[in-house]
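Take a look at the model below. This report walks through its strands and its ligand surroundings.

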Amino acid sequence: MHPCLTCGACCTQYRVAFHWMESDEAGDGGVPAALTERLDGHRLCMRGTYSDPIRCVALDAQIGVYSRCTIHPHRPSVCREVDASWEHGRASDQCDRARLAHGLPLLGADDWRWRDAAGGGRDPDDGNAPTVDLPPLAA
Ligand code: SF4
Ligand code: SF4
């Protein structure tokens, strides 16, 4: 099973900010603007990620048990850019820090054996995802 499906930690650690043009205010299929708040003249952020504690409003999870993004096909570009550690052959600092914050073990290459055994493959939801060439703003 994909490790993110039993995690969700990174959706509780970082501010998820992005250009408003990624939202559905700019066109169908964008990030639901109703789930965002405005940061400034150009940027929105996911509600719940500009507060303390952080927890994205779109997250349906019990961290470490199950997790799903309720807007997965329409999630912001910064979310798409967070790799799970060793998903693509290297560690991910954002993933590692988020999992550590929840006391979860860091992922290693062994956590991807199931995928290698199945012949690899991408996240199916990413197949029709729009690509947005904007700099990452989450930190
Ligand atoms: S912290 Fe890592 S394993 Fe957990 S949901 Fe985020 S990317 Fe996936
Ligand atoms: S939009 Fe989805 S992937 Fe991004 S932080 Fe929120 S729950 Fe996580």
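## A strand pair

In which sense do strand 4 and strand 5 pair, and over how many bridges? Strand 4 (residues 59-62) and strand 5 (residues 66-69) run antiparallel, joined over four bridges. Strands here are DSSP runs (E, at least two residues), numbered from the N terminus. Two strands pair if DSSP finds at least two bridges between them. L59 has C69 in strand 5 as its bridge partner. The hairpin has three residues between the strands, and G64 takes a positive phi near 90° there.

## How to read the model

This is a predicted model: local features need pLDDT of at least 70, side-chain atom pairs count only at pLDDT 80 or more, and totals for chains, interfaces and linings use all residues. Residues are numbered from 1 along each chain as its sequence is written, while chains are lettered from A and ligands numbered from 1 in the order in which they are written.

Three strands form an open sheet, ordered 1-3-2, with antiparallel pairing. Strand 1 (17-19) and strand 2 (36-38) each have a single partner strand, so one side of each lacks a neighbour in the sheet.

Strand 2 and strand 3 (residues 43-46) pair over three bridges. T36 stands opposite M46 in strand 3.

## Around the ligands

The residues around ligand 2 (C-beta atom, placed from the backbone, within 6 Å) include M46, L59 and C69. R75 is also among them. The shell has nine nonpolar, no polar and one charged residues.

Around ligand 1 are, among others, C4, C7, C10, C95 and R99. That shell has ten nonpolar, one polar and one charged residues. Ala, Val, Leu, Ile, Met, Phe, Trp, Tyr, Cys and Pro count as nonpolar, Asp, Glu, Lys and Arg as charged, and the others, Gly among them, as polar.
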